[in-house]
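Colleague: I'm new to this one, could you walk me through a few spots?
Modeller: Gladly, here it is.
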Amino acid sequence: MLFGTKETFGIEIEINKIYCNQFIGDGFFVIHINNNCYGRREEYATTFPSIARQLRHCLKNRVNSDMALEDYSKGNIVEGYYLQNYSEANLSDCDKKLLNKTKTLWEWSPDEAFDDGSHVIHFDDNDTTRIIGFKSCIVDGDCKVMENSCSEIQLPREDFKGIIKDAYLFLKSFSANSKT
């Protein structure tokens, strides 16, 4: 089921079979930003409760708000965030102000959902939500952001929350109805 659109911002969830009462199932969870897909559209065991918790967190909290990153490009933000958290690269040449701001970013793409190196970060500023997605890979033993994998969109905050809420309620109702 797709909530939102692939062309702008959407969350796509497919659940084919649930195992036990733990809400682990065959299916997938992917995010679309400007026709770019983050996550795998392949059936495999996915822990949907952790995804639902992440979605609920986005609904209840303003995330990465007041970060003052509007002057930075998506590429700068991704580089600052990724280098600090996933790479062993030397950071001495990086913008210290940007590194300070991106060090504490909360990433809402749960590892249980994305096994393809995808990452999604969003920022809540006033009535707008800025969403950035990107993919990483290992090159010559070092973690790198994949070239041309960054996508960005800004949405009215209420539109973003509506998509998150619909996806969350779908997962919540599905888990409530599965008693296998």
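Colleague: How many disulfides does a search of the whole structure find?
Modeller: The search finds 0 disulfides, a disulfide being a pair of cysteine sulfur atoms within 2.5 Å. Please keep in mind that this is a predicted model, in which local features need pLDDT of at least 70 and side-chain atom pairs count only at pLDDT 80 or more, while totals for chains, interfaces and linings use all residues. Residues are numbered from 1 along each chain as its sequence is written, and side-chain values use heavy atoms, with hydrogens and water left out.
Colleague: And C58, buried or exposed?
Modeller: C58 counts as buried because its relative accessibility is 1%, where buried means under 20% relative accessible area, exposed over 50% and partly exposed in between, with a 1.4 Å probe and protein chains only. C37, with a relative accessible area of 22%, is partly exposed.
Colleague: Switching topic, where does S136 lie?
Modeller: S136 lies in strand β7, which covers residues 128-139 (strands are DSSP runs of E with at least two residues, helices are runs of H or I with at least four, and both are numbered from the N terminus). At 12% relative accessibility, S136 is buried.
Colleague: What does S136 touch?
Modeller: Leaving aside residues up to four places away in sequence, S136 touches Y82, D116, G117, H119, K144, V145 and M146, contact meaning heavy atoms within 4.5 Å.
Colleague: Last one, where is D159 placed?
Modeller: D159 is in helix α4, residues 157-177, and is partly exposed at 45% relative accessible area. The C-alpha atoms of D159 and F9 are separated by 9.7 Å, although these residues are 150 residues apart along the chain.
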